[in-house]
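Q: Could you walk me through how to read the features of a structure like this one? I would like the general idea, then the case at hand.

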Amino acid sequence: APHCDIVTDLSDLNKTCKIYMARNKPALLKGAAKAWPAASKWNFDYFRNGFSGEVELGSIPVTVSLDGQERGPKQEMPLRDYL
């Protein structure tokens with residue numbers, strides 16, 4: 001069972017805020033970000049290509065493992081290659 005309510009009807013945001021935010025009650029607002037520009041803009045290619053040239057991507061520490069256990073030293077890998 002979920003630890004919070006799952007809200008799918010977001011037609012009355014003021015009501016939703018009164019029920020959950022004002023009462024400090026956790027809720028999952030399913031589909032709330034669907035209309036945000038980031039929902040269609042942010043994908044692996046977008047990040048792989050450095051935010052469409054907006055910023056340079058850095059490196060992340062990566063450990064290569066065949067069994068899922070982190071062993072051995074981490075190596076830096078460009079985020080572009082990781083994605």
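A: Helices (H or I, at least four residues) and strands (E, at least two) are DSSP runs, numbered from the N terminus. Thr16, for example, lies in helix H1, which covers residues 13-21. Please keep in mind that this is a predicted model, where local features need pLDDT of at least 70, side-chain atom pairs count only at pLDDT 80 or more, and totals for chains, interfaces and linings use all residues. Residues are numbered from 1 along each chain as its sequence is written, and side-chain values use heavy atoms, with hydrogens and water left out.

Q: How many helices and strands does the protein have, and in what order do the elements run?

A: There are five helices and four strands. Read from the N terminus, the order is β-α-β-α-α-α-β-β-α.

Q: Is Thr16 buried or exposed, and which residues is Thr16 in contact with?

A: Buried means under 20% relative accessible area, exposed over 50%, and partly exposed in between (1.4 Å probe, protein chains only). Thr16 counts as buried because its relative accessibility is 8%. Contact means heavy atoms within 4.5 Å. Leaving aside neighbours within four places in sequence, Thr16 is in contact with Val7, Asp9, Met21 and Leu29.

Q: Where is Thr63 found, and what are its contacts?

A: Thr63 sits in the loop between strand E3 (59-62) and strand E4 (75-78). With a relative accessibility of 19%, Thr63 counts as buried. Setting aside neighbours within four places in sequence, its contacts are Glu70, Arg71, Gly72, Pro73 and Lys74.

Q: What do the totals say about burial, surface and contacts in the protein?

A: Of the 83 residues, 10% are buried. Accessible areas come from the Shrake-Rupley method with a 1.4 Å probe, and for residues only the protein chains shown count as cover. The accessible surface of the protein comes to about 7,100 Å², with 56% belonging to carbon and sulfur atoms. Among contacts between residues at least 6 apart in sequence, 13% join residues at least 24 apart.

Q: How many salt bridges does a search of the whole structure find?

A: Side chains of opposite charge can pair when their charged atoms come close. The criterion for a salt bridge is a side-chain nitrogen of Lys or Arg within 4 Å of a carboxyl oxygen of Asp or Glu. The search finds one: Asp5 pairs with Lys25, and their closest N and O atoms are 3.3 Å apart. Asp5 lies in strand E1 (residues 5-7) and Lys25 in the loop between H1 and strand E2 (27-29), so the pair ties together parts that are 20 residues apart in sequence. Asp5 is partly exposed at 31%, and Lys25 is partly exposed at 41%.

Q: What is the phi of Asn24?

A: Most residues other than glycine have a negative phi. Asn24 has a phi near 55°, a positive value in a residue other than glycine. Asn24 lies in the loop between H1 and E2 and counts as exposed because its relative accessibility is 72%.

Q: How many disulfides does the structure hold?

A: A disulfide is a covalent bond between the sulfur atoms of two cysteines. Here the test is a pair of cysteine sulfur atoms within 2.5 Å, and the structure holds zero disulfides. Cys4 is partly exposed at 26% relative accessibility, and Cys17 is partly exposed at 27%.
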